[in-house]
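Dear colleague,

I am passing on the structure below, together with some notes on its charged side chains. Please read them with the coordinates open.

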Amino acid sequence: MHTHRHRPHVNLRVERWHRRCIYASFAALLLSGAAWLLARYFFRPVGQFGETVNPLEPWSMKLHGAAAMAMLFFLGSLMNAHIRRALKAGRNLATGWGMIGAMALLTASGFGLYYLAGESDRPAWSAAHWAIGLAAALLFVAHVVLGRRAVHRP
């Protein structure tokens, strides 16, 4: 005979204002990072002496840094209100752990780009950072969709 331990329902939904701040921070990160990628690799103006820096590059990087600070703040604010309770409830763990790992790698690679990377290894740090960032965007969508589906299951 199987005995099912019924877990009590735990509300993991993030409050609307909090969710909107997280979505806005994530969108600002993604859009500013994508703007930098496009400006850096596809829209470099050609000057008298060859390719030059697109004026969008430094501005997108400044916005990206500001959005990263906001995202780190809101990520920290999720620790008790969402992450700890989700771990305890055992819900949406695969994408949740994936998000925690992706955010840790993005934070570490962003720190590395800013403080550790030299000119010779900067391209490798950069490629790792933006590849993880693009994957994290897809993972974020999956985490939200799967979390909402779990709530609406009978």
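The side chains of glutamate 57 and arginine 44 form a salt bridge, with N and O 3.1 Å apart. This pair joins distant parts of the chain, since glutamate 57 lies in helix α2 and arginine 44 in the loop between α1 and β1 (46-47), 13 residues apart. Glutamate 57 is buried, at a relative accessible area of 7%. Please bear in mind that the model is predicted.

A search of the whole structure gives 2 salt bridges. Besides the pair above, arginine 122 forms a salt bridge with glutamate 119, where the closest N and O atoms are 3.8 Å apart. Here arginine 122 is partly exposed at 27% relative accessibility, whereas glutamate 119 is exposed at 66%.

Arginine 19, in helix α1 (residues 16-41), is a case to look at separately: this residue is buried yet has no salt bridge, and the nearest side chain of opposite charge, that of glutamate 15, is 8.8 Å away. Leaving aside residues up to four places away in sequence, arginine 19 touches Arg13, Val14 and Arg148. Two of these contacts, Arg13 and Arg148, also belong to a positive surface patch that Arg16 and Arg20 complete. Arginine 148 itself sits in helix α4 (residues 122-152) and is partly exposed, with a relative accessible area of 37%.

Key: Residues numbered from 1 in each chain as written. Predicted model: local features only at pLDDT ≥ 70, side-chain atom pairs only at ≥ 80, totals over all residues. Heavy atoms only, no water. Helix = DSSP H or I, 4+ residues; strand = E, 2+ residues; numbered from the N terminus. Buried < 20%, exposed > 50% of the residue type's maximum accessible area, 1.4 Å probe, protein only. Lys, Arg positive; Asp, Glu negative; His and termini not counted. Salt bridge = Lys/Arg side-chain N within 4 Å of Asp/Glu carboxyl O. Contact = heavy atoms within 4.5 Å. Patch = residues over 30% accessible without salt bridge, like charges linked within 9 Å, V, L, I, M, F, W, Y side chains within 5 Å. Areas by Shrake-Rupley, 256 points an atom, 1.4 Å probe, with all protein chains shown as cover. Charge placed at Lys NZ, Arg CZ, Asp CG, Glu CD.
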